[in-house]
There are 2 protein chains.
Amino acid sequence: MTDAFIKQYLMTAGPTPVPPKVSQVMAEPMLYHRAPAFIEVYARCLERLPRVFQTSNDVLCFAASGTGAMESAVVNLTRAGEPALVASCGKFGERWAELCDAHGAATRHLEAGWGSKVEPDALDRALSDSGARTVFTTLSETSTGVVNDVRALAVAAHAHDAMIVVDAVSALGAVPVRQDEWGLDVVVSGSQKALMCPPGLAFASASGEALARATEAAGGSYYFDWQRTAAGQRKDPPDSAFTPAVGLFMALDVALGMIEEEGLDRVHDRHRLLGRAAREAARAHDLELYGPEDDNANVVTAIALPDGIDGAQVPKRMRDRFGITIAGGQGQLKGRIVRIAHCGYFGAFDVIVAIAGLEMTLRELGHDLEPGAGVAAAQRVFSEAGVPAGAPA
Amino acid sequence: MTDAFIKQYLMTAGPTPVPPKVSQVMAEPMLYHRAPAFIEVYARCLERLPRVFQTSNDVLCFAASGTGAMESAVVNLTRAGEPALVASCGKFGERWAELCDAHGAATRHLEAGWGSKVEPDALDRALSDSGARTVFTTLSETSTGVVNDVRALAVAAHAHDAMIVVDAVSALGAVPVRQDEWGLDVVVSGSQKALMCPPGLAFASASGEALARATEAAGGSYYFDWQRTAAGQRKDPPDSAFTPAVGLFMALDVALGMIEEEGLDRVHDRHRLLGRAAREAARAHDLELYGPEDDNANVVTAIALPDGIDGAQVPKRMRDRFGITIAGGQGQLKGRIVRIAHCGYFGAFDVIVAIAGLEMTLRELGHDLEPGAGVAAAQRVFSEAGVPAGAPA
């Protein structure tokens, strides 16, 4: 087959595929950020974002990668020398510790282990006599597929009068984040995962109490200063402290409109189904799922590779021969797992394509499996649910 | 005329108009940032950027507004309590002082006044016994149109063993920046001005000496840490420390290709001609030019409004009635000037449109002027130069 017909499928957990109508709007002429035409887009994004976070907070927006929003939380909430507690279970959780260290916090690090969840009891013990005023943790740990029960972790944090800051970069829009109901003091996220936009926008939704604490800690960053950004966004009409990433807001506006049209609950249902189909497909081949089996782990499915398979070869062959881009393992899981994402602009047949490609790749690499068995398992999940989700029965 | 035929003209100094082929590439499918298809784009951008800065440095890239790159310079080069010297002549220069203050530097602020240039002698005096190891200044001060002689300022800084950090956000790609030849220790810029891309990418080109000093100062920021970003970019293949703004790099690659195709000298010549035409048009109406008359002030032309004109009305009417978006004054110049940009994707007839619209607007607001006189002055400049630049004679 010529290269042009090795059609390309993006199955990574960020950047994720961008819906055509989101892509198209970025090809429209550039707007001045203080012109009414942009202010309308910007104001609509600011109004729509809190609905996805399920919060009454203002969602503060930065031109940055997700890590920028994470750093904003650290600089606005911690002070050098003061204790901070990081509760991690993978690469992105560990980034919280690096960030706290970089800013001179007295970091205590509760490591649940890659593939495990952070247990509320363990957090409770770690907080005892820690003096930490802030807990930093992860909702969806993209490196392993684990989704933590941040609601329970919030209860543990609050029992010790600590605030909880949740990295929901890959989770927001894929799995429920009920920020206000669950008492999540701060939730950070990014544009390039389930929000279906290109990378480059980062978000921090901070409660009033968290914003008030930011005033004390002020001075850690100018660009990521929450008060400065909040003051701009609260103006009438809203204004950005610095030149906003105009094209990305144009994209976000369209993407948030799509989420509203589908309905947030149905968005989460779709992800739940995609996650279940991917897990059933792996089970059909007796491939071990990395991370606890969990009906909430619906952002990325991490599959342990069979013994004897050269792990680095799997994503490479899938991409080069079949045009399917999945991610391998990171850090300590390099070469040991593959990760199939289904967060954002994904439907039933995206999972089927990824599973079919994985089956063909593993066979080519010498692993004996029944071709189509994983696909069939995924098909059964979709059919039983009467899907493609939302399609006429 | 119906709204659809009030065609839109973006004449602001950021965001600036994006060429159609740059816009179009952002409508292409998203790429995984570690896939060969993106790495090729990324590597080409990293190779092309230094040519625009005229440097052998690596140009460090951040997903951020230009202010993010400015903050990166402050956090990597200064330490709390140490003196830093800011030499400003407008709003963006003053931002350096705010940044230095935010990071606890003992900021000394040489203010040349809005509309004036920073004089090398004044900088020399300000540096005497200041103890400052770093001077922060501006090449093109977008709030007034003034372009500083940073080459001479670098000589003054170096005479006091201070490094010089230059904000070239609106200048780079419009007026010459010969970083290495002029001994500019650090030059920062952004994507949304003369680089003809949407906002969201920021750049810092730091000399080896500046990077070495960054190691001492490390700790001010994780996201903006130069060493972390440099280490990623220097890998083979290059890697970004955090998820890069993939779509903006796709755009930047096309835009840098356009600059190379035109040739950097010709790019600067075009801006010189556009600036001269805008100034001659203002002079034809006896409208005062804000900032010193300067054949190098070719980024934005700031024109003082006649007495009796309500300054806030001018950009508003030009936009609402004629579809032409120009900027008014900022800060202390609010309501007193208009600013017509010509940095980036601008040709001769963009200036003519802006001048024609300004003439019509000022007449409507009651200022007595000869319609077309400014346009004619601009036409003469272009005709004498045998332009549109680069067109057949």
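Modeller: Let us begin with a term: two strands pair if DSSP finds at least two bridges between them. Helices (H or I, at least four residues) and strands (E, at least two) are DSSP runs, numbered from the N terminus. This is a predicted model, in which local features need pLDDT of at least 70 and side-chain atom pairs count only at pLDDT 80 or more, while totals for chains, interfaces and linings use all residues. Residues are numbered from 1 along each chain as its sequence is written, and chains are lettered from A and ligands numbered from 1 in the order in which they are written.

Biologist: How many bridges join strand 3 of chain B to strand 5 of chain B?

Modeller: Two bridges join strand 3 (residues 83-88) to strand 5 (residues 134-138) of chain B, and these strands run parallel. Within strand 5 of chain B, B:Val135 is the residue opposite B:Leu85.

Biologist: In what order do the strands of that open sheet in chain B lie?

Modeller: The order is 2-10-9-8-5-3-4, seven strands in an open sheet with mixed pairing. Strand 2 (59-63) and strand 4 (106-111) of chain B are at the edges with a single partner strand each, so one side of each has no neighbour in the sheet. From one strand to the next, the twist averages 20 degrees. For such angles, axes are lines fitted to C-alpha atoms, for helices over the stretch in contact, and angles run from 0 to 180 degrees between N-to-C directions.

Biologist: Which strands does helix 5 of chain B touch?

Modeller: Helix 5 (residues 120-127) of chain B packs on the sheet and touches strand 3, strand 4 and strand 5 of chain B, and its direction makes about 155 degrees with that of strand 4 of chain B. Here, two residues are in contact if their C-beta atoms, placed from the backbone, lie within 7 Å. Helix 9 (residues 226-233) of chain B also packs on the sheet, touching strand 2 and strand 10 (201-206) of chain B, at about 105 degrees to the direction of strand 2 of chain B.

Biologist: And at what angle do helix 5 and helix 6 of chain B pack?

Modeller: The angle between helix 5 and helix 6 (residues 150-159) of chain B is about 20 degrees, and their axes are 9 Å apart. Helix 5 and helix 6 of chain B are therefore roughly parallel to each other. Angles under 35 degrees count as roughly parallel, over 145 as roughly antiparallel, 65 to 115 as roughly perpendicular and the rest as oblique.

Biologist: Which residues make that contact?

Modeller: From helix 5 of chain B come B:Pro120, B:Leu123, B:Asp124 and B:Leu127, and those of helix 6 of chain B include B:Ala152, B:Leu153 and B:Val155. By class, this contact of helix 5 with helix 6 of chain B has nine nonpolar, no polar and one charged residues. In this scheme Ala, Val, Leu, Ile, Met, Phe, Trp, Tyr, Cys and Pro count as nonpolar, Asp, Glu, Lys and Arg as charged, and the others, Gly among them, as polar.

Biologist: Turning to chain A, at what angle do helix 12 and helix 13 of chain A cross?

Modeller: Helix 12 (residues 313-322) and helix 13 (residues 348-364) of chain A cross at roughly 110 degrees, and their axes come within 10 Å. Helix 12 and helix 13 of chain A are therefore roughly perpendicular to each other.

Biologist: What about helix 2 and helix 10 of chain A: how do they lie to each other?

Modeller: Helix 2 and helix 10 of chain A are oblique to each other. Their axes come within 9 Å and cross at roughly 45 degrees, helix 2 of chain A being residues 36-53. Among the residues that meet are A:Phe38 and A:Val41 in helix 2 of chain A and A:Val246 and A:Phe249 in helix 10 of chain A. The residues of this contact of helix 2 with helix 10 of chain A divide into twelve nonpolar, no polar and four charged.

Biologist: How many residues of chain A are in contact with chain B?

Modeller: In chain A 45 residues are in contact with 45 residues of chain B. Helix 3 of chain A gives the largest share of the side that touches chain B, four residues. By class, that side of chain A has 24 nonpolar, 18 polar and three charged residues.
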